[in-house]
Structures are given as C-alpha cells and as structure tokens.
Amino acid sequence: MKDKKMQTAEIKKLLDAKLSRERAKELLDRIQNVGDLVLHYVDLLNALRIQPPHVVGSSLGGWIAAELASLYPERTGSLSLVGAAGLWVEGAPIAEVFGVMPGQLAERLFFDQQHPLAQML
C-alpha cells in the first residue's frame, strides 16, 4: 500500500489535470441539476479508483448524497444524512425556500409549527 503522502500527491495531480480553470468552467456550465452533479461525483470516484466510501451529507449535500446512494448503490459504502434537503416524497413537492420571508420559511421547513426552532423564525 502506498504511503499517505504519495496517495495525496497522486490525487492532487489527478484533480489538477481534471479540473483546470478552463475545464472547471466548462463542467459548471454543464451542471443543470443535482443529477448532473451526481454523475460528476461518480466519474470522480471512478477516476480516482476510490472504493465505495461512507457518504455523509447535510442540507444540499444530503440531497446529493441521497441521490448518489439511490442511483449508484454500488458506488456507496454507506450513507448518513443530516437534515437533507430536496428529497423526493410522493405528494410532497419540494418547497421554494430562497427569497421568502422568515415567517414563510418556518411554514415551509417545519411540520410542527409549535417547535421552538420554528417559533424562533
């Protein structure tokens, strides 16, 4: 097994080559949704030959992690979600949360409107 410094240097070389400034802009222009981002993560995991990792995500990262685990279970060792946003639930569409007033935000984020955190908003 290679030592940690050598592994880190190899990963950095791969990332530098794969994500030069021009390439990064090109990739960002092609990402239209979370599904596109998941595809890029799968490509990265494959390019780096990373064994299925433990995937952890919070908020938007939770959405991305959940999509990765559900669409590519063979690329995910395990999954931990913390306050994941954007999860698809039949009959409960994802509410708009950007650009709303704090009172509206509480209505959209909390089922229990009497919860202390909901009351703080």
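The following legends describe an overview and two close-up views of a predicted model. Residues are numbered from 1 along each chain as its sequence is written. Local features require pLDDT of at least 70 and side-chain atom pairs pLDDT 80 or more, while totals for chains, interfaces and linings use all residues; side-chain values use heavy atoms, without hydrogens and water.

**Figure 1. Overall fold of the protein chain.** The chain contains 6 helices and 2 strands, arranged from the N terminus as α-α-α-β-α-β-α-α. Helices (H or I, at least four residues) and strands (E, at least two) are DSSP runs, numbered from the N terminus. Of its 121 residues, 17% are buried (under 20% relative accessible area, 1.4 Å probe, protein chains only).

**Figure 2. Surroundings of threonine 76.** Threonine 76 lies in the loop between helix H4 (60-71) and strand S2 (78-82). Threonine 76 counts as buried because its relative accessibility is 12%. Its side chain reaches the backbone oxygen of tyrosine 72 at 3.4 Å. Apart from neighbours within four places in sequence, threonine 76 is in contact (heavy atoms within 4.5 Å) with Pro52, Pro53, Val55, Leu68 and Ala69.

Figure 3. Beyond neighbours within four places in sequence, the contacts of arginine 75 are Leu45, Asn46, Ile50, Gln51, Pro52 and Pro53.

Note on methods
Buried means under 20% relative accessible area, exposed over 50%, partly exposed in between (1.4 Å probe, protein chains only). A polar contact is a pair of N or O atoms within 3.5 Å; within protein, one must be able to donate a hydrogen and the other to accept it, and residues adjacent in sequence count only if both atoms are side-chain atoms.
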